[in-house]
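Please read them with the structure open.

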Amino acid sequence: MATEQSFQVRKLQLSDKGKGFIDLLRQLSVCDPISDEDFEARFQELSSHGDDHLICVIEDERQGKIVATGGLHLGKKIVEFLADHARSKGCYKVILDCSSENKAFYERCGFKEKEIQMVQYFV
């Protein structure tokens, strides 16, 4: 018997920290632990910018978890949602940083390699 899955694409909510949002970020990049207070402060800061700084998530409503790597279909849905939002706000381009391992996925989403990224860590 197949189980029906229920995925919702939506904006990030404060409660998403408890639904695995930080664990999801750790799959994509280096992400230090963050307290609930610091998460809320950052969330409020981003929220104060309205739709100029949009973070979207896909929630598996049956599990109450934030997911993104449940399959390429889900990842592609997030990328398309963000690109469509940027286009609707009049942006002329979207810039994406990713690891080499994820390059092929983003190329399938329509991104092209352009120049290089540089970083300097202090911690």
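1. I start with Glu59, which counts as buried at 8% relative accessibility. The model is a predicted one, and this value, like the others below, is computed from it. Glu59 forms a salt bridge with Lys19, and the closest N and O atoms of the two are 3.1 Å apart. Distant parts of the chain are linked by this pair: Glu59 is in strand 2 (residues 56-60), while Lys19 is in the loop between strand 1 and helix 1, 40 residues apart.

2. For orientation, here is the overall layout. The chain has four helices and three strands. Read from the N terminus, the order of these elements is β-α-α-β-β-α-α. The chain has 123 residues, and 23% of them count as buried. Of the contacts between residues at least 6 apart in sequence, 64% join residues at least 24 apart.

3. Arg10 deserves a separate point. Arg10 lies in strand 1 (residues 7-11) and counts as buried, at 7% relative accessibility. A polar contact of 2.7 Å joins the side chain of Arg10 to the side chain of Asp16. Leaving aside residues up to four places away in sequence, Arg10 touches Asp16, Lys19, Ile55, Cys56, Val57, Glu59 and Ile66.

4. Which residues does Asp16 touch, not counting residues up to four places away in sequence? They are Arg10, Lys11, Phe21, Val57 and Ile66. Asp16 sits in the loop between strand 1 and helix 1. Its relative accessible area is 0%, so Asp16 is buried.

5. The salt bridges come next. Side chains of opposite charge can pair when their charged atoms come close. Over the whole structure, a search finds ten salt bridges. One of them joins Lys17 and Asp36, with 2.8 Å between the closest N and O atoms. This pair links distant parts of the chain, since Lys17 is in the loop between strand 1 and helix 1 (21-28) and Asp36 is in helix 2 (residues 36-47), 19 residues apart. Lys17 counts as partly exposed at 23% relative accessibility, whereas Asp36 is exposed, with a relative accessible area of 51%.

6. Another salt bridge is formed within a helix. The side chains of Arg26 and Asp23 meet at 3.2 Å, N to O. Both residues are in helix 1, three residues apart, which is about one turn of the helix. Arg26 counts as partly exposed, at 39% relative accessibility, and Asp23 also counts as partly exposed, at 48%.

7. How many aromatic pairs does the structure hold? It holds three aromatic pairs. In one of them, the ring centres of Phe105 and Tyr106 are 4.9 Å apart and the planes are at 70°, so this pair is edge-to-face. Both of these residues, Phe105 and Tyr106, are buried. Tyr106 also forms an edge-to-face aromatic pair with Phe111, at 6.1 Å centre to centre and with 85° between the planes. The ring pairs link Phe105, Tyr106 and Phe111 into a cluster.

8. Why does Tyr106 count as buried? Its relative accessible area is 17%, and buried means under 20%.

9. The last point concerns the surface. Val9, Phe81 and Leu82 form a nonpolar patch there, and together they have about 190 Å² of accessible area. Val9 belongs to strand 1. Val9 is partly exposed, with a relative accessible area of 30%. Strand 1 (residues 7-11) is also where Arg10 is found, and Arg10 counts as buried.

Methods
Residues numbered from 1 in each chain as written. Predicted model: local features only at pLDDT ≥ 70, side-chain atom pairs only at ≥ 80, totals over all residues. Heavy atoms only, no water. Phe/Tyr/Trp six-rings, centres within 6.5 Å; stacked < 30°, edge-to-face > 60°. Buried < 20%, exposed > 50% of the residue type's maximum accessible area, 1.4 Å probe, protein only. Helix = DSSP H or I, 4+ residues; strand = E, 2+ residues; numbered from the N terminus. Polar contact = N/O pair within 3.5 Å; in protein donor to acceptor, adjacent residues only side chain to side chain. Contact = heavy atoms within 4.5 Å. Patch = residues over 30% accessible without salt bridge, like charges linked within 9 Å, V, L, I, M, F, W, Y side chains within 5 Å. Areas by Shrake-Rupley, 256 points an atom, 1.4 Å probe, with all protein chains shown as cover. Salt bridge = Lys/Arg side-chain N within 4 Å of Asp/Glu carboxyl O.
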